[in-house]
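Please consider the sequence and the model together before reading the answers.

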Amino acid sequence: IPIDKLQKYMDGDLDAEKEVERFKKFGFYQMRANVMVKEKEDPEPYYVGVYQYNENNGVYICVAYQKEEDFEYFNLLLKALSLSGIGGKRSSGLGKFEIEVLECPSELKQRMDTTKYKRWMSLSLSMPKEMEMESACVNANYQLIKRSGFVSSNSYASEFQKKRSFFGFAAGSCICNKYEGDIYDVSMHGNHPVYKYAIPLFMGVSKK
């Protein structure tokens, strides 16, 4: 939902079908043929479905910081991530990206001041702490989403190991009682913890 049309959406005045058409211009899906090569076995072709963004399109993240050195450190981590890639198909060379720093839109920045609102939407995957759960669920509208996968670490185990499945409130969940959330350990039998970030990033959506 474009940030400049969010209020129209909340008021029920947004033409949802028309807005969906905009998404078709962001990029396109395609199938790529790869080959799996194992020692002493015949090569096996397989296909991977990927989404390719059109020029000048992509994903964005919101970053807030108090000290300039904090942003510089975060920027170094983000640059390293852009080279290694994100997602589940990094071993196939996918998931790499270029970074562009932009100013936060004024309306989004205004809605980030959550003290002015009485109902909020989480822009990220989140999960309340156990002591926050009952309050967070009061008059809340949310969808539970599962996160799993393999641990990307050479020191975690001698071979690839799965993370413990994690369930959290999906981005877009709306609540009346804010919560802090937490960072959860999703390791199972490895040599070190593996953390899932589940602290919400709230945006105000209603002042009533």
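Predicted model: local features only at pLDDT ≥ 70, side-chain atom pairs only at ≥ 80, totals over all residues.

Q: Why is Phe 169 called buried?
A: Buried means under 20% relative accessible area, exposed means over 50%, and partly exposed lies in between (1.4 Å probe, protein chains only). Phe 169 has 2% relative accessibility, and therefore counts as buried.

Q: What makes Phe 169 and Tyr 179 an edge-to-face pair?
A: Rings of Phe, Tyr and Trp (its six-membered ring) pair if their centres lie within 6.5 Å; planes under 30 degrees apart count as stacked, over 60 as edge-to-face and the rest as tilted. By this rule the count comes to 9 aromatic pairs. In one of them, the ring centres of Phe 169 and Tyr 179 are 6.1 Å apart and the planes stand at 90 degrees, so the pair is edge-to-face. Phe 169 belongs to strand E5 (residues 166-169) and Tyr 179 to the loop between E6 and strand E7 (182-185), so the pair ties together parts that are 10 residues apart in sequence. Here helices (H or I, at least four residues) and strands (E, at least two) are DSSP runs, numbered from the N terminus.

Q: How do you know that Tyr 179 and Phe 202 are also buried, and what kind of pair do their rings form?
A: Tyr 179 has a relative accessible area of 6%, and is therefore buried. The ring centres of Tyr 179 and Phe 202 lie 5.3 Å apart with planes at 85 degrees, so this pair is edge-to-face. Since Phe 202 lies in strand E9, the pair ties together parts that are 23 residues apart in sequence. Phe 202 has 10% relative accessibility and so counts as buried. Tyr 142, Phe 169, Tyr 179 and Phe 202 form one aromatic cluster.

Q: Why are E6 and E9 said to stand at the edges of their sheet?
A: Two strands pair if DSSP finds at least two bridges between them. The open sheet has 3 strands in the order E6-E3-E9, with antiparallel pairing. Strand E6 (174-175) and E9 each have a single partner strand, so one side of each is left without a neighbour in the sheet.

Q: How do you know that E3 and E6 are paired?
A: Strand E3 (residues 119-122) is joined to E6 by 2 bridges, and the two run antiparallel. Trp 120 stands opposite Ile 175 in E6.

Q: What makes the contact between Ser 206 and Lys 208 a polar contact?
A: A polar contact is a pair of N or O atoms within 3.5 Å; within protein, one must be able to donate a hydrogen and the other to accept it, and residues adjacent in sequence count only if both atoms are side-chain atoms. The backbone nitrogen of Lys 208 lies 3.3 Å from a polar atom of the Ser 206 side chain. Ser 206 itself lies in strand E9 (residues 202-206).

Q: Why are the buried residues of H3 placed on the same side of the helix?
A: In H3, Phe 71, Asn 75, Leu 78 and Ser 82 are buried. They cover an arc of only 65 degrees around the axis, which puts them on the same side of H3; the arc is that of the directions from the helix axis to the C-beta atoms. On the other side, Glu 69, Tyr 73, Leu 76 and Leu 83 are exposed.

Q: How do you know that the length of H3 is close to what is expected?
A: The expected span of a helix is 1.5 Å times one less than its number of residues. Helix H3 (residues 68-84) has 17 residues and reaches 25 Å from its first C-alpha to its last, close to the expected 24 Å.

Q: Why is Asn 56 called exposed?
A: Asn 56 has 76% relative accessibility, and so counts as exposed. Asn 56 lies in the loop between strand E2 (44-53) and H3, and has a positive phi of about 70 degrees although it is not a glycine.

Methods
Residues numbered from 1 in each chain as written. Heavy atoms only, no water.
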